[in-house]
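User: Can you walk me through this model? Keep it brisk.
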Amino acid sequence: HDYALPNKIFDYVLAGLPVVTSNLKEMSRFVKDNGVGYVINPEDQEMVVTLLQKIKKETQKQFVPNLMKTSVKYCWEEQEKVLIKLYNSL
């Protein structure tokens with residue numbers, strides 16, 4: 001699970017929604033590197049509650065530029081090019 005990067009993360013990013021994810025290795029790296037949301041320790045209930053209470057509609061605005069940039073980078077049209085390049089290299 002530590003190295004999983006679920007499709008749902010990309011769905012949220014492409015929908016322009018900030019991501020709240022657990023602190024698993026790949027999910028947290030993706031969220032932090034792209035600045036598209038929050039990483040939490042799901043075992044720290046107080047931290048989870050505090051974060052969820054402070055999220056408001058305005059919270060999304062702080063992530064909009066990064067969400068837009070990341071959604072362009074990871075959209076199918078761009079990832080298709082990467083996949084074709086990989087297939088052509090075989």
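Analyst: First a term: contact means heavy atoms within 4.5 Å. By that rule, and not counting residues up to four places away in sequence, Val-31 touches Val-19, Thr-21, Val-36, Gly-37, Tyr-38 and Val-39.

User: What should I know about the source?
Analyst: This is a predicted model: local features need pLDDT of at least 70, side-chain atom pairs count only at pLDDT 80 or more, and totals for chains, interfaces and linings use all residues. Residues are numbered from 1 along each chain as its sequence is written, and side-chain values use heavy atoms, with hydrogens and water left out.

User: How many helices and strands in the protein?
Analyst: Five helices and two strands. Helices (H or I, at least four residues) and strands (E, at least two) are DSSP runs, numbered from the N terminus. Along the sequence the pattern is α-β-α-β-α-α-α.

User: Which residues of α2 are buried?
Analyst: Helix α2 spans residues 25-34, and its buried residues are Glu-26, Met-27, Ser-28, Phe-30, Val-31 and Asn-34. Buried means under 20% relative accessible area, exposed over 50%, partly exposed in between (1.4 Å probe, protein chains only).

User: And what covers them?
Analyst: The cover includes α1 (7-14), β1 (19-22), β2 (37-40) and α4 (57-73).

User: What comes just after α2?
Analyst: Gly-35, with a positive phi of about 60°.

User: Switching to Thr-70. Buried or exposed?
Analyst: Thr-70 counts as buried because its relative accessibility is 2%. Thr-70 is found in helix α4.

User: What is Thr-70 in contact with?
Analyst: Leaving aside neighbours within four places in sequence, Thr-70 is in contact with Val-13, Phe-30, Asn-34 and Val-36.

User: Now the largest nonpolar core. Which members touch the most others?
Analyst: That core has 14 residues, and Ile-9, Val-13, Val-19, Phe-30, Val-31, Val-36 and Leu-67 touch the most other members. At least two residues of this core come from each of α1, α2, β2, α3 (45-54) and α4. A nonpolar core is a set of buried Ala, Val, Leu, Ile, Met, Phe, Trp, Tyr and Cys residues joined through side-chain atoms within 4.5 Å.

User: How much of the protein is buried overall?
Analyst: Buried residues make up 29% of the 90 residues.

User: What about contacts between residues 24 or more positions apart?
Analyst: They account for 34% of the contacts with a separation of 6 or more.

User: Last one: what box do the C-alpha atoms fill?
Analyst: Roughly 50 × 30 × 15 Å, taken along the principal axes.
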